Amino acid sequence: RLQWGPSVSHIPQRQGFGRAGFTNVAIGDGTTRPGTFQEQTVDRVFATQAAMNTAYPLSMNERLEASAGYTRLSFHRETERVERIGGRVVRREFTSEVPRSGLNLIDASAAFVGDYSFQGFTSPIDGRRYRFEISSRTGDLTYEGLLADYREYFFVEPVTMAVRGLHFGRYNVIGSDAERITPLHLGQPSLVRGYNYFTYEPQECGDDPGCPAFNRLNGSRLAVLSAEARVPLLGTREFGLIDFPFLPTEVGVFADAGLAWSQGDAPRLQLDRRSDRLDVPVVSAGVNARVNFLGAFVAELMYVFPFQRPDKGWHFDFHISPGW
């Protein structure tokens, strides 16, 4: 019953952060004048991994998993800096660098996984799924990881009500490096929608060099709560309001909430649309549509309102992934 096999992967990950503040801006005659600056930075982490994976089924719905392997992390950073005087752009600078040397790591993990769900054309429609995992990383960095992911689906034809609770964090139990690497980012569309890095504008940072509107999404630990009502708009006669199986589509309404924090922080569970604090939750709500393109991939188009981005308001975003 024991299943085992090797895996090899190369995965790029992209994180970002921004800051803004006052500075002295150089002008053409060699003098400086008071002005403002905004910086947006994109950090790319490239993870190259080789591992041995095992799984042992306890039943048709539950299994134990374990893995051990080697990971090489390499880094790249791009920064755009814009300097203004009275709102007029005076200087724009783009830099590209390798901010740190690569890291060699040994990984191990163990997980308990359950899946009692029934899959639709674009997302699960009934049942439940969960994954509880602990992991350890040693080598150039040493820290531990914890993942708890639970999802429940309630089907009352033709509507599915889906709820999810998720926590992922890096901890210093034996190690001491959980805070040293690029932080986790809460604003991914698969976590909390409406806070995608590439929809931010420099003016959302205001004059605060800490840019709380964006940096509150980063931390070594994340917690997410999501709820979504899904209706199969296009599908088959058995599962779909309209019989059109060539482009299965579901529509829905959703609400997401999330919190990012780091070791030593004391997060506040207080909703505040214009808070300058970094330790407050972010919330969004909206409508969405997921489309299955001939079984090749599932794309999600959403019209979303991020409550902790009052200067942004309703906007469209796009995401390629099946529904959670």
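Before the first stop, one cut-off: a residue counts as buried when its relative accessible area is under 20%. Keep in mind too that this is a predicted model.

**Stop 1: N196.** Select N196, which sits in the loop between β10 (184-185) and α1 (212-215). Its relative accessible area is 15%, so N196 counts as buried. Now show side chains: that of N196 makes a polar contact with the side chain of D317, at 3.4 Å. Leaving aside neighbours within four places in sequence, N196 touches G187, P189, R309 and D317.

**Stop 2: H315.** Jump to strand β17 (residues 315-320), where you'll find H315. Is H315 buried or exposed? With a relative accessible area of 8%, H315 is buried.

**Stop 3: the nonpolar cores.** Next, select L186 and L217. These two have the most contacts inside the largest nonpolar core, which has 18 residues. Centre on L186 and, beyond its neighbours within four places in sequence, pick out its contacts: L191, V192, L217, L222, A223, V224, G258, L259, A260 and V282. Apart from that core lies another one, of ten residues, with V45, L103, L141 and I181 among them.

**Stop 4: the cavities.** Rolling a probe the size of a water molecule over the atoms shows where empty space is left. How many cavities of 30 Å³ or more turn up in a search of the whole structure? The search finds two.

For the largest, with a volume of about 50 Å³, select F121, T122, S123, P232, L234, F239, P248, T249 and E250, which line it. Colour this lining by class and you get five nonpolar, three polar and one charged residues. Strands β12 (221-235) and β14 (249-261) each supply at least two residues of the lining.

The second largest cavity holds about 40 Å³ of space. To see its lining, select F17, G18, Q40, Y197, Y200, C205 and F214. By class, that lining has five nonpolar and two polar residues, with no charged ones.

Methods. Residues are numbered from 1 along each chain as its sequence is written. This is a predicted model: local features need pLDDT of at least 70, side-chain atom pairs count only at pLDDT 80 or more; totals for chains, interfaces and linings use all residues. Side-chain values use heavy atoms; hydrogens and water are left out. A nonpolar core is a set of buried Ala, Val, Leu, Ile, Met, Phe, Trp, Tyr and Cys residues joined through side-chain atoms within 4.5 Å. Buried means under 20% relative accessible area, exposed over 50%, partly exposed in between (1.4 Å probe, protein chains only). Contact means heavy atoms within 4.5 Å. Helices (H or I, at least four residues) and strands (E, at least two) are DSSP runs, numbered from the N terminus. On a 1 Å grid over the protein atoms alone, a cavity is a set of points where a 1.4 Å probe fits but cannot get out, and a pocket is an open set with protein on both sides within 12 Å along at least five of seven lines; lining residues have an atom within 4 Å of a point. Grid points are joined across faces, edges and corners, and a volume is the space filled by probe spheres set on the points. Ala, Val, Leu, Ile, Met, Phe, Trp, Tyr, Cys and Pro count as nonpolar, Asp, Glu, Lys and Arg as charged, and the others, Gly among them, as polar. A polar contact is a pair of N or O atoms within 3.5 Å; within protein, one must be able to donate a hydrogen and the other to accept it, and residues adjacent in sequence count only if both atoms are side-chain atoms.
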